[in-house]
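Here are my notes on this one, as numbered points. Have the coordinates open while you read.

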Amino acid sequence: MKPIFGIFTVAAMMCSQAMQAQNLKFEEYDLANGLHVILHEDHSTPITAVTVMYHVGSKNETVGRSGMAHFFEHLLFEGSDNIGRGQYAKFVENAGGALNANTSQDRTFYYELLPSNQLELGLWLESERMMHAKVEMVGIETQREVVKEEKRQRVDNQPYGTLFQETLDHAFDVHPYSWPPIGSMEDLNAAQEADFKNFYKTFYVPNNAVLSIAGDLDIAATKALIARYFAEIPRGSVEVSRPTQVEPLNKGEVRDTIWGKDQLAMVVEAFHIPAQGTPEYYAVDMLNQVLSQGESSRLNKSLVDEKQVALYSGAFTYNTEHPGLTMAYSLANMGVDARQVEEAMNAEFDRMKTEYISDAELQKLRNQVENDFVSRNASVAGIAESLANYHMYFGDANLINTEIEKYNAVTKDDIMNAAKKFYTPQNRVVLYFMNDPKLNQN
Amino acid sequence: MKKFFPIITLSLALVVAACSSSKKLDRSIVPVAGPAPKIQIGQYQMTTLPNGLKLVVVENHKLPRVSYSINLDIDPIYEGNRAGYTMLSGELMKAGTKSRKKSQIDEAVDFMGASLSTSASGVFGSCLVKHSGEFLDLMSDVLLNPTFPSEELEKSRKQQLSNLVNEKTDPNAMSDQIGNVMKYGTNHPYGEVMSESSINAITADDLISYHQDFFRPNVAYLIVVGDITFADAQAQANKYFGSWKQKEVKNFKYVTPQVPAGNVVAFVPLAGAVQSVIDVTYPINLMPGTNDAIVAGVLNNILGGSGFQTRLMQNLREDKAYTYGAYSSISPDEWVGSFSAGASVRNAVTDSAVTEILFEMKRLVDEPVADSTLQTVKNIMTGSFARSLERPQTIANFALNIEKYKLPKDFYETYLQKLNAITVADVQAMAKRVIRPSNAFITVVGNKEVADKLTKFASSSKVSMLNADGTPFVDLKAAPEGVTAQTVLENYIKAIGGKDALAAVKSFEQIGEMKMGPMSAKVNVKMKDNTKLFTSVSMQGMDLMKQVYDGTSGMNMQMGQKKPMTDSEMTDARIQMDLMAEMNYEKYKYTAILKGIGKVDDQEAYVVDVTKSDGSVMSDYYSVATGLKLMSTAMQGEGENAVMTETRIVEYASVNGIKYPSKTKQMAGPQAMEFDFSEMKINPKLNDKDFVIEK
């Protein structure tokens, strides 16, 4: 199901799960300008991941200017005072590296994966981006068109491509999570050069960023280089604004049908849940694991294997900094009524409210968490990103070692209570994506 | 800055000197790289078990996990009219064994937090090392003792049919399919297409025999990667896979697909598409694990391999903003390789984007690349090679290639040397060999309004309008409100005389002529009491073909050979005798769906797709103006011999208030046959003797 959600699942996929605490070592400190630095040393492969995470995502956008954060992700490859237009990729690729970036609703993440002897190049490039990136019309116009193509490719021209956008739109009334990072093309067209310049000045500042580096490096040498390239960047002069709206729980059921050209019915149920990192969030995440992790998980077993009403059925916690959503979705088998699919999903949610999960099931969850926890630190790029995430959202990079305890602390009661509290009709959005055969006429 | 100095180590001396000598950093200076780190390639060990299973082990003790992979090294299989059965056989290995039900297997895998997947080409699993014994017990059971329960097959069948429906609105899936059909042809394993009828034709026996015939240790590798020693891996392999029995495995030969003589444009319409998915593609001859393949890799990275600097990316994205991304691939393969270049672009620039892709291809053939370009690509490939080594799986892949393709043992050890030795001339020579801007299939999936603009790229000046599976696309518009398959069929019955007149027909006899090229034969059809049917085709008094159905059984006689009619032939005979069959489809377990309004020549016609009880589909065309049937199309025959047939009703004649097709024309591939029934007798006296089956 990953293709359906495209870039926006990145955040969900990173959704952290863990088991016995491990001991991944790192160092962290702040520069005077507020830039937080995290370093992890690992010499197994001669590569280094240089990453910068900015605490800006689509939730920092205002109504009428949606899509700015994601647009910046494109724009900030255009160049800087010392890096010519289009040269970012050239420097990195010529050095044998790779680079890219992605944007979620909460943060924007840039990275270079470099041969370890090119660490300094990565620091130069990222410091240039933070200090004086070029925000100019020529780049803006080109990237506007590229982003429109990105939206056409990932949303408009994809099967069920509007699923995510529709879900957010129906779920949020007051919080800016109501639009996806890619935003609206009208808003992008309307944005002026001044809007872009202000956005850059506000959010792309050292005190709103985490520089996280992992791989084949010498900690002391790296610190010196970081000081050299980043210390002179001034702290931001504009206060970083964060949305304060809180989307309430239990707003009453929202139900709608979206007509499209895809021929199989898709049923989505989204429930409002607390922010990531809260005890209730971990309970919801474990609950989703019961419903959806592995072929023996309940939704798969019931809807796909036994009742055979769905081609696919799953659930995931969309982890967000502010209260967000958990989503369950099922793609109906040919000829199966969407209502039948919804009933089968609801039956599984109801079971979670009335029956405790078994001891064996709880052990299974913990084993799965342990396996995921061990496996996820296999690449230095992944480690750099996890460390940055944990610091940015929770102020505790060491959660990379200890978050598993939060999962282990979840009890059967917690899981049942989460089901009772959040998986309720008055707290949900139910969307049917149905076929309108007229749209299939060539 | 000072505060960091106390902890600086000796190795830092240079950096420190640089720092302190310049008060202010000159940011215009690009940092200079330190000495290149040494790229170390991990090692693998290998042995062969007594049953022929080759064991490859890559030790990596960084994380306490291990993966096991069974990879078959067999020839591709042409599945014909049951396309999809090898895939289902692979998938359903874990749907039940002699001692475990599917739910037990799923539960056991999930309980360990492990993963296990099976496919037509092998089995893959991974787990934490502490679970490895228990995990292998399960994995070997799945590999050695699958039972392919029929209820699981039915479930998968249903899912595959749903999948097919789902892919009908997925432009990327459609692009992949039409690309494969065009470049390999449906007669090659790489180009054959799963269809509703092929999925419906798959039996449990197909799955069992695929597994029996091809899942054998003598054609398999067991690849173990992770936190394990070679000795332990060897012991595990013997314990869990030692009893796997050898058997000789069949080999196959296929005609190698070739590039087209000129550019061929295939357009697959997708309603409502806001982008065109473009693919310029064709088969190539390029073996994996050769120096040629490395040169081709360089070429591909110049054109559109990965990253932002490739020519396709710079031209189509960064310069013209036609697309979010433009890419190419040059894939070596033992049987037949593939070139592909393409992008998803907005409708309005579809033809411009094709122009630019072909331009970049041609430029590679015509002009030597700059030294700096070649150097950049070498750097990119060196970097990507080094990064790939972070995954121990990479070493396992290297090992598999070395063994499978009999490469020199140091092929990957010396990969970077070989890469660095490549010259501009090597690249251009390779471009001349594998870049074919004038011998390509240009496939586009998109809004049909943009198709006309693509004629200029086709050598024939014609765009083929196709469905994703390569069958001809029929252009349809929506039928008006209230018109359904049922109303169309009822109208047809009215148009040919109405229920009462048709019900009065108990018997008939038709005499006519069949022409095929210069040949002509006499055709005689007799129906008696709505239950018996006789058909003969004769030439100069000699029967070429005769078919008799007596109401309960039937016989085919062709050139003196006799063969009893099959069930489906008898159903066909009963339908032929039922002049109102179109109103009685339910009785024959046929389903009819109105697809819309198409055209037969210049006449508008309702298109009704009729799915027969065996899953095959025919499309019938009924005139919007007169209600009469104008044409019927269907695929006849199976697999490699399948051919599209088209039967046109050229003229109706009237007798006793009933209209019957007096002139028809049938085309089956290149063959054309014409029928002319000059005589039609309603309720004649017929002799029962004609309907006796001679044993």
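Which residue in S12(B) is the bridge partner of Phe267(B)? The reply is in point 2.

1. Ground rules. This is a predicted model: local features need pLDDT of at least 70, side-chain atom pairs count only at pLDDT 80 or more, and totals for chains, interfaces and linings use all residues. Residues are numbered from 1 along each chain as its sequence is written, while chains are lettered from A and ligands numbered from 1 in the order in which they are written. Helices (H or I, at least four residues) and strands (E, at least two) are DSSP runs, numbered from the N terminus.

2. The sheet in chain B. Back to the opening question: Phe267(B) has Met465(B) as its bridge partner in S12(B). Strand S7 (residues 264–269) of chain B runs parallel to S12(B), and 3 bridges join the two. They belong to an open sheet of 6 strands with mixed pairing, in the order S9-S10-S8-S11-S7-S12 (chain B); two strands pair if DSSP finds at least two bridges between them. At the edges sit strand S9 (323–331) and strand S12 (463–465) of chain B, each pairing on one side only. Direction ignored, neighbouring strands here are turned by 20° against each other on average.

3. H6(A) packs on that chain B sheet, where it touches strand S8 (275–284), S9 and strand S10 (337–346) of chain B. The direction of H6(A) makes about 70° with that of S9(B). For the angles in this note, axes are lines fitted to C-alpha atoms, for helices over the stretch in contact, and angles run from 0 to 180 degrees between N-to-C directions.

4. The interface as a whole. In total, 71 residues of chain A are in contact with 79 residues of chain B, contact meaning that the C-beta atoms of two residues, placed from the backbone, lie within 7 Å. On the chain A side, the elements giving two or more residues are helix H4 (87–94), strand S5 (108–115), helix H5 (119–132), helix H6 (137–156), helix H10 (219–230) and helix H14 (359–375). H6(A) gives the most, with 8 residues. By class, the chain A side has 24 nonpolar, 26 polar and 21 charged residues. Here Ala, Val, Leu, Ile, Met, Phe, Trp, Tyr, Cys and Pro count as nonpolar, Asp, Glu, Lys and Arg as charged, and the others, Gly among them, as polar.

5. H4(A), worth a look. This helix is mostly covered, with 6 of its 8 residues buried; buried means that 20 or more other C-beta atoms lie within 10 Å of the residue's own, with C-beta atoms placed from the backbone. The buried ones are Tyr88(A), Ala89(A), Phe91(A), Val92(A), Glu93(A) and Asn94(A). Their cover includes S4, S5 and H5 of chain A together with H13 of chain B. Just after H4(A), Gly96(A) takes a positive phi of about 85°.

6. Two helix pairs. The axes of H5(A) and H10(A) come within 9 Å and cross at roughly 30°, which means H5(A) is roughly parallel to H10(A) (angles under 35 degrees count as roughly parallel, 65 to 115 as roughly perpendicular). Residues meeting there include Leu123(A) and Trp124(A) from H5(A) and Leu225(A) and Ile226(A) from H10(A). By class, that contact has 7 nonpolar, 2 polar and 1 charged residues. In chain B, helix H10 (residues 291–303) and helix H13 (residues 371–388) pack at an angle of about 105°, with their axes 9 Å apart, so H10(B) is roughly perpendicular to H13(B). Their contact has 5 nonpolar, 3 polar and no charged residues.

7. The sheet in chain A. An open sheet of 6 strands with mixed pairing runs in the order S1-S2-S6-S3-S5-S4 (chain A). Its edge strands are strand S1 (27–30) and strand S4 (98–103) of chain A. Strand S3 (residues 47–54) of chain A is antiparallel to S5(A), with 8 bridges between them; one bridge pairs Tyr54(A) with Thr108(A) in S5(A). Helix H3 (residues 68–75) of chain A packs on this sheet, touching S4 and S5 of chain A.

8. Chain B in brief. It has 19 helices and 25 strands, and buried residues make up 38% of the 695 residues in chain B.

Methods:
Parallel < 35°, antiparallel > 145°, perpendicular 65-115°, else oblique. Buried ≥ 20, exposed ≤ 12 C-beta atoms within 10 Å, placed from the backbone.
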